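Please look through the structure below before reading on. The comments after it are meant to be checked against the model one at a time.

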Amino acid sequence: MILEKRTYEVVFIVAPTMAEDDLNQLSTSLQQIVTSQGAEIVKAEIMGRRQLAYPIGRVNEGQYVLFELTGNGSEIAELERRMRVNDQIMRYITVRVDLDRRRADKFKAKRVRKASKRPGYVAPTEAAAE
């Protein structure tokens, strides 16, 4: 049985006092965990230091890291388990985004079809769409 590849976004927050080298090492080790489980990293981005929405243990800032990956879901369970036991990670969240993107593409195509029926419609070029 072949499972469908799904797209996930994982965001985690580490303490603002963590050194950049340590953050890169943590990010790399988490990426290796995911790829060893069979998932593919589409994008890995260190988003930098940002203000938290609410204090976490008297800390008001955090360094955000974003992973976008494709896999079947078992990799996410292992990644979340590793993040849960890691004291350096303050918070994390995983969101499945492939369904939302598919729905957005469907509505976008519907808007284009509807607009093309209007008089005076000029089709957008590929360069302008991006």
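This is a predicted model: local features need pLDDT of at least 70, side-chain atom pairs count only at pLDDT 80 or more; totals for chains, interfaces and linings use all residues.

1. Residues are numbered from 1 along each chain as its sequence is written, and side-chain values use heavy atoms, with hydrogens and water left out.

2. Four helices and four strands occur in the chain, where helices (H or I, at least four residues) and strands (E, at least two) are DSSP runs numbered from the N terminus. Along the sequence they follow the pattern β-α-β-β-α-β-α-α. The chain is more spread out than a compact globule, because its radius of gyration is 19 Å, well over the 14 Å that the globule rule gives for 130 residues; the radius is taken over C-alpha atoms, and the rule is 2.2 Å times the number of residues to the power 0.38. Taken along the principal axes, the box filled by the C-alpha atoms is roughly 60 × 45 × 25 Å.

3. Strand β1 (residues 6-14) pairs with strand β3 (residues 59-71) in the antiparallel sense over nine bridges, and two strands are said to pair if DSSP finds at least two bridges between them. Within this pairing, Tyr8 stands opposite Leu69 and Val14 stands opposite Gln63. Strand β1 also runs antiparallel to strand β4 (residues 89-96), to which seven bridges join it, and here Glu9 stands opposite Val95.

4. Strand β3 is joined to strand β2 (residues 40-56) by 11 bridges, again in the antiparallel sense, with Glu45 having Leu66 of β3 as its bridge partner. These two strands, β2 and β3, form a hairpin with two residues between them, and Gly57 in the turn has a positive phi of about 60°.

5. How many of the residues of β3 are buried? The strand is mostly covered, with 10 of its 13 residues buried, where buried means under 20% relative accessible area, with a 1.4 Å probe and protein chains only. For the chain, buried residues make up 29% of the 130 residues.

6. Among the contacts in the chain with a separation of 6 or more, 73% come from residues 24 or more positions apart, a contact meaning heavy atoms within 4.5 Å.

Notes. Buried means under 20% relative accessible area, exposed over 50%, partly exposed in between (1.4 Å probe, protein chains only).
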